[in-house]
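Here's a quick tour to follow with the model open beside you. Take it one topic at a time and find each piece as you go.

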Amino acid sequence: MIEQLKDSFKTFETQLNGASKSSWHQLRKKAMVTLESNGLPKAKDEEYRYTHLGRILDKKFQFTDLSMAGRDSNHGENILFHDADAHHIYINNGIVDKEKIKSLAVNGLIMLTLQEASDKYPKDIDAHLGNHSNNNKDAFTALNTIFSYEGVFIKVEKNALIDKPILLHYSTTKQLKQPVYQSRNLIIVESGAQVEMIESYTSHEEEEYFSNHVSEIVIGANAHLNYYKLQNQSNKTYHVDNTYIAQAKDSVVTSYIFTLEGKIIRNNLNFALEDQNCETHLFGLYVAHGDNHIDNHTVVNHKFPNCFSNQIYKGILDDTAKAVFNGKIFVQPDAQKTNAFQSNKNILLTDTASMNSKPQLEIWADDVKCSHGCTTGQLDEEQLFYLRSRGISKSSARGMLLHAFVDDVLDKIKIDFLHDFVGAEMNNRLD
Amino acid sequence: MLTIKNLHASVAGQEILKGINLEIKAGEIHAIMGPNGSGKSTLASVLAGREEYEVTEGAVEFLGKDILDLAPEDRAREGLFLAFQYPVEIPGVSSNNFLRTALNQIRKYRGLEPMNAVHFLKLMKEKMALVEIDQKLINRSLNEGFSGGEKKRNEIFQMAMLEPKLAILDETDSGLDIDALRIVANGVNKLKSKDNATIVVTHYQRLLDYIVPDYVHVLYNGRIVKSGDKSLALELEDKGYDWIKAGVDGVVS
């Protein structure tokens, strides 16, 4: 497969014309070297132990043509929230709608394709692109770095308050053969700025595809970001998401991942707390059925004193669905007075669903408060019986208990239309 | 109203009820007493339909219907109510939503229209006053963080809301101080009518000073070994269970 990728990269280079001398392209070359020596994750790779992506991708997808030629940028199928009060950006089959994104500019908010940004904002690109992600640690990040060409550049300028959410619609239309999409985002929220972002993923229900997405998000001092991902693709979607968030001092980031559908979904969410007094919240909710496979890996790296992080991930697994949670918290030697909490709770609705949950805390400082907990079990029989003994049907009782289980995460959603959508999806799934 | 004939039940292969016979008519209050492990709570659980108990023999007829094959929710809809010995905490489920769902599913089963929000709230207010339960408790998640007494009072409140034909109070008095006991008993007495009946399962004669039974039954080793009127409870309070045990065990051996 690596040989295939190398050939593909050569073809890709010839299509780049003058851009092959750019600093961005130097990143690509380096990433190719890294990927060549590391390879894609193998079955024994600890990080991908429960999600054997390397083998599956190798079998299923052609990595020969990763260029962008001939792909249309029409809006794809099943897009949600068309009418929502938001800044709408459309990315179909990995291609950004260039005209639309340009038309959105408002005071304090710069939104461009990554290509255009590399001409207009070379300083930002040089300072950040590839500097917060890790090609060596994650092969899919390297793969994306090598081949990504398209993506979204967002810069929220100093002290800007963005009045409505930025909504990125990722969609697909039916292609002739199983395609591979790689898109890349660079998001810079400058000091004192405040913004909400949503990435909403949908797809054509018949299309089998692999999308490999990387976002680097840079948060300035005292900046605030609420960052939502809604993964509602088809059960033929193979999706890897690597998100790297670097926080400067006094900043607050709240992230949410809702995974409602997907054949194999792997999310790597990485937080680096790069200065004092950062606050980080991570909320996750996955509701898997059929043979869905949903894998969430999180890393919160506390490097400086007086930071706070809290994560709550919850899952409901039906049929033969599988899910994985791996949450790493690092507390570095200097990060005294760290408060770091983590909880992962799962309900299995069948005997054939399975969950692998692994909290990992590495604490090198001595004056910290850290805790983690994970539970995986069935619905509580006592609670079910109690509700039924009052005349409530078994299915209603199950629905009530499942709602109760997810409500504390749902209640954290601050955007009404998103809250309503996820709430309604939960109703459909759980009742 | 309720006819239990030769009821045998076991849990995890061990027989707990070994042939219970009992007849309860509308308007009556029956007390079931007995030493620990005699099968009192098992009887209550079997009647309510708890699934881990297996009925191996016998029949239970409730208002002319065999209920042993009914799901727990259908027994409740027929008019059976169990006040739990250990009410379950259900975080995230509001008492309001819970009771409204229960009430309306019972009404639907009986062919009645759902109760609208205004009527429901009015009914809640009325019944809350009856069992002297605080609105603050009802605003919280079901039983979450309630004290023992508050949980028991909430059971009686639910009973008042659902207006069962037969209520089974499973050791509702255990752990209650005298004030809470009075409130609970008072609620039960106010709800009593000539059309409904109550089974009071208890350890202690004290409750029966407040809820006066028409009949008292002693359950021992899975059978009702003695029945009488309220004076039997006083006798048990006075003499304990040993004389009954001795009598039964003597006969058996």
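Below is a short briefing, grouped by topic.

Keep in mind that this is a predicted model.

- Nine strands of chain A line up as an open sheet, in the order E3-E4-E6-E8-E10-E12-E14-E16-E18, and the pairing is mixed.
- E3 and E18 (354–363) of chain A are the edge strands, each pairing on one side only.
- On average, neighbouring strands in this sheet are turned by 5° against each other, if you ignore direction.

**A look at strand E4 of chain A**

- Is E4(A), residues 150–156, mostly covered or mostly open? It's mostly covered, with seven of its seven residues buried.
- In a regular strand, side chains alternate between the two faces of the sheet.
- In E4(A), one side carries A:Glu150, A:Val152, A:Ile154 and A:Val156, while the other has A:Gly151, A:Phe153 and A:Lys155, and all of these are buried.
- E4(A) pairs with E3(A), residues 109–113, in the antiparallel sense over five bridges, and there A:Leu109 stands opposite A:Val156.
- E4(A) also runs parallel to E6(A), residues 180–189, and seven bridges join the two.

- H2(A) passes H7(A) in a left-handed crossing.
- Residues meeting there include A:Leu27, A:Ala31 and A:Leu35 from H2(A), and A:Ala142, A:Leu143 and A:Ile146 from H7(A).
- By class, the residues of this contact are eight nonpolar, three polar and one charged.

**Where the chains meet**

- How many residues of each chain are in contact? The contact has 17 residues of chain A and 20 of chain B.
- On the chain A side, helices H8 (381–388) and H9 (394–410) are the elements that give two or more residues.
- H9(A) gives the most to that side, with seven residues.
- The chain A side has six nonpolar, five polar and six charged residues.

**A helix in chain B**

- H7(B), residues 178–191, has 14 residues and reaches 20 Å from its first C-alpha to its last, close to the 20 Å expected at 1.5 Å a residue.
- Its buried residues are B:Leu181, B:Ile183, B:Val184, B:Ala185, B:Gly187 and B:Val188.
- Those buried residues of H7(B) pack against H4 (117–130), H6, strand E10 (197–201) and H8 (207–210) of chain B.

**Two residues with positive phi**

- A:Phe81 isn't a glycine, yet it has a positive phi of about 55°.
- You'll find A:Phe81 in the loop between H3 (53–60) and E1 (87–92) of chain A.
- A:Phe81 counts as partly exposed because 18 other C-beta atoms lie within 10 Å.
- B:Asn143 has a positive phi near 65° and isn't a glycine either.
- B:Asn143 sits in the loop between strand E8 (141–142) and helix H6 (148–162) of chain B.
- B:Asn143 counts as buried because 22 other C-beta atoms lie within 10 Å.

Conventions. Residues are numbered from 1 along each chain as its sequence is written. Chains are lettered from A and ligands numbered from 1 in the order in which they are written. This is a predicted model: local features need pLDDT of at least 70, side-chain atom pairs count only at pLDDT 80 or more; totals for chains, interfaces and linings use all residues. A crossing is left-handed if the near helix is turned anticlockwise from the far one by less than a right angle, and right-handed if clockwise. Helices (H or I, at least four residues) and strands (E, at least two) are DSSP runs, numbered from the N terminus. Two residues are in contact if their C-beta atoms, placed from the backbone, lie within 7 Å. Ala, Val, Leu, Ile, Met, Phe, Trp, Tyr, Cys and Pro count as nonpolar, Asp, Glu, Lys and Arg as charged, and the others, Gly among them, as polar. A residue is buried if 20 or more other C-beta atoms lie within 10 Å of its own, exposed if 12 or fewer, and partly exposed in between; C-beta atoms are placed from the backbone. The expected span of a helix is 1.5 Å times one less than its number of residues. Two strands pair if DSSP finds at least two bridges between them. Axes are lines fitted to C-alpha atoms, for helices over the stretch in contact, and angles run from 0 to 180 degrees between N-to-C directions.
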